[in-house]
Amino acid sequence: MMKKLYRNMRIFTPVDGGKPLAGAEQAKISEIKKGAMLVADGLIEKIGAEEEVTKGLDRSQLCFEKDFGGACVIPGFVDPHTHLCFAKRREDEFGMRLAGLPYLEILKRGGGILSSVNAVKGATEEQLFETTKKLALSALAKGTTTIEIKSGYGLSLDLELKMLEVIRRVSFETPFDVVPTFMGAHAVPQEWKNEADRFVDEILIGEMLPKIKAQGIAEFCDVFCEEGVFSVNQSRRLLKAAKAMGFDTKIHADEVHDLGGAGLAAELATRSAEHLLAASEDNLRAMGKAGSIAVLLPATAYSLKKPYAQGRQMIDWGVPVAMATDCNPGSCFCESVPFIFGLGVMNMDLTVEEALTATTLNAAYAINRAKKLGSLEAGKQADFVVLDGETPTTLAYHAGSTSVEEVYKLGEKVA
């Protein structure tokens, strides 16, 4: 078996202890000042100090060797929450929000998610794929090597299946590991506006979930639990049904109002709860005890001009924190994890070390991928990013740009 040697690297990585890092553990980062990685078949065979990795190494077994000149190397970013699959941008709504119109009011007027539903309906599968692929490759160039993509701009069985097929193609036709999430419960369709309970029970649970499961692609089921969308009771019924069918579960919780979505995440021990801008301390602490990961989306708060989630407090309360882009055409058109990293440090008071864990290992746990990625350790994938600074601090320090110089997936340079 031919191997690759990457050496003379300054490696920074969280260390996987078998569960998401919380509290003081989230800030613990391993630094190898002159490190090396030996890679075979895309996996890290050996990592550590260069002198230890190369000790006794038969260089005739190498098919490739590279000296990184002391460059800073971190794990590839994991983006655990995106709505990357969409057909059309919504710049006009951004202008409406800047003029003071609330997002939920835009949604009531047929804009928001419903506008994207109409765009997906009018696009061919090929058009939808090309739009999604272009945005995914832009994220890759900024250091993201694993990405979650949700459906949810379909809201009917045929359109949700169409979106999930596009998400499947992205996983095959780009270098990414793609994690697909079914989110038919992204909004209540206009025709069911006054019968949300029936939509949940008859359409989502009775029709969509079984057909999506039979398709065999979506791993997660997600729901938008928010005032004017799906209630806690409706969300509970859907997530319990999804879990019974074998889906892993997520929940958009307490983005605008403290509806109790974080408490529901704790009650059902969902893999993660996302947004959480309005979540209460009691419910967040309960999430920490249940092991549910808080996936924070600071670029959404930035885009909506809202207060940021309590990232600093959540970590202090023992809640494992991840961060994601929430890339979508309406409330957050951003595919850059370096930007997210900077916002987490500067606006949610995470330390650089906590932000690194939030965008790598904890993010991998949030999509059930930590066994193979999220940290640079023997046995995991050789997914890593080369930065232009001396430490990961450059990701917050070098504002308005990207500090990512090279991106490697399974030991191969992909950007």
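Tutor: Let's begin with residue classes: Ala, Val, Leu, Ile, Met, Phe, Trp, Tyr, Cys and Pro count as nonpolar, Asp, Glu, Lys and Arg as charged, and the others, Gly among them, as polar. By that scheme, the lining of the second largest pocket divides into seven nonpolar, three polar and three charged residues. This is a predicted model, in which local features need pLDDT of at least 70 and side-chain atom pairs count only at pLDDT 80 or more, while totals for chains, interfaces and linings use all residues. Residues are numbered from 1 along each chain as its sequence is written, and side-chain values use heavy atoms, with hydrogens and water left out.

Student: What makes something a pocket and something else a cavity?

Tutor: Whether the probe can get out. On a 1 Å grid over the protein atoms alone, a cavity is a set of points where a 1.4 Å probe fits but cannot get out, whereas a pocket is an open set with protein on both sides within 12 Å along at least five of seven lines; lining residues have an atom within 4 Å of a point. A volume is the space filled by probe spheres set on the points, which are joined across faces, edges and corners.

Student: Which residues lie nearest the centre of the largest pocket?

Tutor: They are Pro102, Tyr103, Val256, Leu304 and Lys306, out of 19 lining residues. The largest pocket holds about 370 Å³ of space. Helices H2 (91-98), H3 (103-108) and H11 (298-304) each give two or more residues to its lining, a helix being a DSSP run of H or I with at least four residues, numbered from the N terminus. The lining has twelve nonpolar, two polar and five charged residues.

Student: Which element gives the largest share of the lining of the second largest pocket?

Tutor: H3 does, with three residues. The second largest pocket has a volume of about 310 Å³. Closest to its centre, among 13 lining residues, are Leu107, Lys108, Lys193, Gly228 and Val229.

Student: How many cavities of 30 Å³ or more does the structure hold?

Tutor: Two. The largest cavity has a volume of about 150 Å³, and its 15 lining residues include His83, Tyr103, His186, Asn328 and Ser331, which lie nearest its centre. Its lining has four nonpolar, eight polar and three charged residues. The second largest cavity holds about 40 Å³; Thr145, Thr146 and Asp383 are among the residues that line it.

Student: Why are H5 and H6 called oblique to each other?

Tutor: Their axes, lines fitted to C-alpha atoms over the stretch in contact, with angles from 0 to 180 degrees between N-to-C directions, come within 9 Å and cross at roughly 45°. Angles under 35 degrees count as roughly parallel, over 145 as roughly antiparallel, 65 to 115 as roughly perpendicular and the rest as oblique, so H5 and H6 are oblique. Their contact (heavy atoms within 4.5 Å) includes Phe129 of H5 and Val166 of H6. By class, that contact has six nonpolar, one polar and seven charged residues.

Student: And what is the relation of H8 to H9?

Tutor: The axes of H8 (residues 232-244) and H9 (residues 261-268) come within 11 Å and cross at roughly 30°. That makes H8 roughly parallel to H9. Among the contact residues are Leu239 of H8 and Leu264 of H9.
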